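Below are questions and answers on one protein structure. Each answer ends on the value or name asked for.

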Amino acid sequence: MSKKKLKIIITGSSGYIGSYLVKKLKKNFSITGIDYKYPSFNPIGYKFIKKNLLNLNEFELKKILKKKDVLIHLAAIKHNNKKSKKFLIKLNKKFTKKLFYLAKDSSIKKIIFSSSLYVYGVKNINNFKINNERDKCLPNTLYGKSKLYGENILKKLSKNKNLSYYNLRLFFVYGYKPFKKSLYPSFINKTFDRLYSEKGPIIYNDGNQILDYVHIKDVLKIILKCIKTKKKNITLNVCSGSQISIKNIAIEIMKIFKRKDLKIIYGKKDKTKNTVRIGSPYLVKRIFNLNKLLTIKKGLKKLSYSYGR
């Protein structure tokens, strides 16, 4: 007799992480994906619901959650400008709260939430520290505040012993080439695209911003660990712990393309000047027994294969 497959619902299933997550999970799990846009690949082997989450009423949400075991909530709005502000509040805060409370009263046993490094607040080069999960969160962006709000709702709901949460504080995710419809604005992917078109990389500020990039292969591995683990109620950094500047990333990619002749184009200054955003992967490595996370140099080399390098 075959073992019954876990039933998993994924919001934002047509996004960058969601698309690859569906492809990884659909063989061994019963997957339902929901997004306002169709996936870039043929949705075979899982159920896809084309719906704008903000247009779903309570009855429709209950129906979607019915008889599911795991909720992976990836859908979010990140950009914090005047136009998107009201939608960010509606989706990241109001909808997320409604979704989590309805999940608590459903058959859902686990909620995996894509939180963010922005819950820590943005540090500059003069006062930075490596962020770990015990740090006090002081978000200074609306996006960061909305993610911390979601985390805190789950901590409150975890008093219900039948529900466990996994708050995954994602740092800068890169890796596989994005699907056309995922609209993933990664600096790394943009730079690959520009060099593939024989154009120099564009860098804002002086390029000395230091970031912590984590390969999507490791992100997917950690999400799968959360699905399978018996451990409950965990908040984790999903990062590599490696430090690299934007400028040095551009130089590494230019080396891969063997295009040192192309010049880096420096764009206008923005709020990221002199910022440092690095996390500690110690806890995620210890809890899930992860010996190695992919280094940025190996990750860039892997990505180059999809560009025929």
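Q: How far apart are the closest N and O atoms in the salt bridge of arginine 259 with glutamate 198?
A: The model is a predicted one. A salt bridge here requires a side-chain nitrogen of Lys or Arg within 4 Å of a carboxyl oxygen of Asp or Glu. Arginine 259 and glutamate 198 form such a bridge, and their closest N and O atoms are separated by 3.9 Å.

Q: How many residues apart in sequence are the parts that arginine 259 and glutamate 198 tie together?
A: Arginine 259 is in the loop between helix H7 (246-257) and strand E14 (265-266). Glutamate 198 is in the loop between helix H5 (187-196) and strand E9 (202-203), and it counts as exposed at 57% relative accessibility. The pair therefore ties together parts whose separation in sequence is 61 residues.

Q: Which residue is linked with Glu198 and Arg259 in a network of salt bridges?
A: The structure holds eleven salt bridges. Glu198 and Arg259 belong to a network of them, and the residue linked with these two is Asp261.

Q: In which helix do lysine 255 and glutamate 252 both lie?
A: Lysine 255 forms a salt bridge with glutamate 252, with 3.8 Å between the closest N and O atoms. Lysine 255 is partly exposed at 42% relative accessibility, whereas glutamate 252 is buried at 17%. The two are three residues apart, about one turn of the helix, and both lie in H7.

Q: Is aspartate 105 buried or exposed?
A: Aspartate 105 meets lysine 104 in a salt bridge through their side chains, at 2.9 Å from N to O. Lysine 104 has a relative accessible area of 25% and is partly exposed. The cut-off for exposed is over 50%. At 59% relative accessibility, aspartate 105 therefore counts as exposed.

Q: How far apart in space are lysine 258 and glycine 45, C-alpha to C-alpha?
A: Lysine 258 lies in the loop between H7 and E14. With a relative accessible area of 72%, lysine 258 is exposed. In sequence, lysine 258 and glycine 45 are 213 residues apart; in space, C-alpha to C-alpha, their separation is 40 Å.

Q: What is the order of the strands in the open sheet of seven strands?
A: Strand E3 (47-50) and E12 stand at the edges with a single partner strand each, so one side of each has no neighbour in the sheet. The pairing in this sheet is parallel, and the order is E3-E2-E1-E4-E5-E7-E12.

Q: At about what angle to E1 does H1 run?
A: Eight of the ten residues of H1 are buried, so this helix is largely enclosed by the rest of the structure. Among its buried residues are Tyr16, Gly18 and Leu25. H1 lies across E1, E2, E4 and E7, and its angle to E1 is about 165°.

Q: Which element gives the most residues to the largest nonpolar core?
A: The largest nonpolar core has 39 residues, and Ile17, Leu25 and Ile72 have the most contacts inside it. Several elements supply at least two residues each, including strand E1 (7-11), helix H1 (16-25), strand E4 (70-73) and helix H6 (216-228). With eight residues, the element that gives the most is H6.

Q: How many residues does the second, separate core have?
A: In the largest core, Ile72 is among the residues with the most contacts. Not counting residues up to four places away in sequence, isoleucine 72 touches residues including Ile8, Leu21, Leu25 and Ile223. The second core is separate and includes Val119, Phe192, Ile244 and Leu262; its size is 34 residues.

Q: How many disulfides does the structure hold?
A: Cysteine 137 is buried, with a relative accessible area of 18%, and cysteine 239 is buried with 1%. The sulfur of cysteine 137 has its closest cysteine sulfur in cysteine 239, 13 Å away, which is too far for a bond. Cysteine 239 is likewise in no disulfide. The number of disulfides is zero.

Definitions and conventions
Residues numbered from 1 in each chain as written. Predicted model: local features only at pLDDT ≥ 70, side-chain atom pairs only at ≥ 80, totals over all residues. Heavy atoms only, no water. Core = buried A, V, L, I, M, F, W, Y, C linked by side-chain atoms within 4.5 Å. Buried < 20%, exposed > 50% of the residue type's maximum accessible area, 1.4 Å probe, protein only. Helix = DSSP H or I, 4+ residues; strand = E, 2+ residues; numbered from the N terminus. Contact = heavy atoms within 4.5 Å. Disulfide = S-S within 2.5 Å. Pairing = 2+ DSSP bridges. Axes fitted to C-alpha atoms, helices over the stretch in contact; angles between N-to-C directions.
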